[in-house]
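Welcome! Take a moment to look over the chain before reading on, and keep the sequence at hand.

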Amino acid sequence: MGMTLGTIAMMYLVSRSNWRVIFTISLLLLIFGNILTIFINNFYAFCCIRFITGIGGGFIVSLSYTVFGLTAKSDRNFALGIFFVLLYSAVVYPLLPFIFNSAGMTGLLIFFACFAVVGLPFVRIMPTSGEEHLDIDKNAVEIDWVNKGLALTAMLIFFVANFAIWTYLFRMGIVAGVSEQSVANSLSISQFLGMAGAFTCAIVGARFGRSPLLILGILGCAVPVMFLLGSVGALIYAVIVCAYQYFWNMTHPYLLAAMASFDPTGKMVVYATAMQFIGVSLGPAVGAMLVRSDSFTVVIYAGIGLLVISLFLILPPVIREANLAKQRITAIQHG
C-alpha cells in the first residue's frame with residue numbers, strides 16, 4: 001500500500017520537485033525504515049514503518065521509470081531495467097534463506113538497508129527534472145486524453161489480469177496434477193525466461209512498430225494459461241509458465257515505452273506506473289473473489305478475458321501515436 005501511495009503521489013510531485021532530492025529521500029526511507037524495523041515489537045508501529053518504507057520504494061520505481069521514458073531508446077532502456085530487476089531476483093532470492101538462517105530477520109533487514117545505501121552515490125548523476133533531459137525519443141508526441149485514458153486503463157487491467165493469474169499459478173499447477181517440487185522448479189526456471197523476454201525487447205526495440213509486438217506479447221500471456229484448464233504433466237506445466245513469463249516480461253517494457261511516447265514530459269509514465277501498482281494490489285484480490293473451492297477455472301477465464309480487453313484498449317492510442325509521429329516526420333521533411 002505504501003508503494004502504491006508513493007507512485008500515486010509522484011503523479012503530483014514529478015513536475016514540482018527536484019528529482020535528486022526525491023531519490024535521496026526515498027533511499028533514506030528505505031535505509032532507516034529497514035533499520036528501524038529491527039527494533040520494533042509493536043504490530044501497529046511495525047505496519048506504520050513498513051508503510052512509510054514502501055512509499056520510498058514507490059517513489060524510486062515510478063521516478064526511475066520516468067527517467068527511462070525520457071531517453072531516446074525507451075523500449076531498450078525499459079527492457080534493460082526490467083532485465084536487471086529480474087537478474088537481481090534470480091541472484092538474491094536464493095540467498096535469502098541462507099541469510100535468514102544465518103542472521104535471522106535482522107540479517108535480512110540489514111541486507112536490504114545496505115542495498116539501498118549502494119544507490120546513494122548514483123543520485124548525483126540523475127537529472128534534477130524532466131526539463132533537464134536532452135535525449136528524449138524524437139517520436140514522442142502529445143496525444144489526446146481520451147487515448148491516454150484508454151492506455152492507462154489498459155495498463156491497470158493488464159496488471160490486474162497478470163497478478164490474478166500469477167498469485168494462483170502455483171496452485172493451478174498442483175490442481176492440474178503436477179507435484180509441488182516440479183511446480184516450484186518450473187517457476188524458478190521461468191524467472192530466466194522472464195529475463196530472456198525483457199532482453200528480447202532490449203534487442204528488438206521498436207523497429208517493427210509497437211502494435212504487432214504488443215499483440216504478440218499480450219496474446220502470448222493469454223494463450224499458454226488456457227492449457228491450465230485441463231490436466232497437464234510436469235514438462236507441459238514448465239513450458240506454460242516459462243512461455244507466460246517470457247511474454248509478460250517482453251510486453252511490460254513495450255507498454256511503458258508506449259506510455260512514454262504519448263507524452264514528451266514523462267508524466268504519462270508516472271501515471272502508468274501508478275496504474276501498474278494499483279493493478280498489482282487489485283489482481284490478487286480479484287483472483288481471490290473468483291476462486292471456487294479447489295477450482296481456478298473462473299480465474300483463468302477472467303485473466304484471459306482481461307488480457308484481451310487490455311489489448312483492445314492499448315491498440316488505439318498506440319496506433320494514434322504512430323500516425324501522429326509519421327505526420328510530424330512528413331511535415332518536417334517537407335519543410
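This is a predicted model: local features need pLDDT of at least 70, side-chain atom pairs count only at pLDDT 80 or more; totals for chains, interfaces and linings use all residues.

Let us begin with helix α6, which covers residues 145–167 and has 23 residues. From its first C-alpha to its last, α6 reaches 32 Å, close to the 33 Å expected at 1.5 Å a residue. At the start of this helix, D144 brings a side-chain oxygen to within 3.1 Å of the backbone nitrogen of V146.

Next comes S186, a residue of helix α8 (residues 180–204). Is S186 buried or exposed? Its relative accessibility is 4%, so S186 counts as buried. What does S186 touch, leaving aside its neighbours within four places in sequence? With those set aside, S186 is in contact with A234, Y237, A238, V241 and C242. The side chain of S186 also reaches the backbone oxygen of S182, at 2.8 Å.

Our last stop is R292, found in the loop between α11 (267–290) and α12 (297–333). R292 counts as partly exposed because its relative accessibility is 44%. The side chain of R292 reaches the backbone oxygen of M289 at 3.0 Å. Y88 lies 204 residues from R292 along the chain, and 35 Å separates the C-alpha atoms of the two.

| Side chain | Backbone atom reached | Distance |
|---|---|---|
| D144 (oxygen) | nitrogen of V146 | within 3.1 Å |
| S186 | oxygen of S182 | 2.8 Å |
| R292 | oxygen of M289 | 3.0 Å |

Methods: Residues are numbered from 1 along each chain as its sequence is written. Side-chain values use heavy atoms; hydrogens and water are left out. Helices (H or I, at least four residues) and strands (E, at least two) are DSSP runs, numbered from the N terminus. The expected span of a helix is 1.5 Å times one less than its number of residues. A polar contact is a pair of N or O atoms within 3.5 Å; within protein, one must be able to donate a hydrogen and the other to accept it, and residues adjacent in sequence count only if both atoms are side-chain atoms. Buried means under 20% relative accessible area, exposed over 50%, partly exposed in between (1.4 Å probe, protein chains only). Contact means heavy atoms within 4.5 Å.
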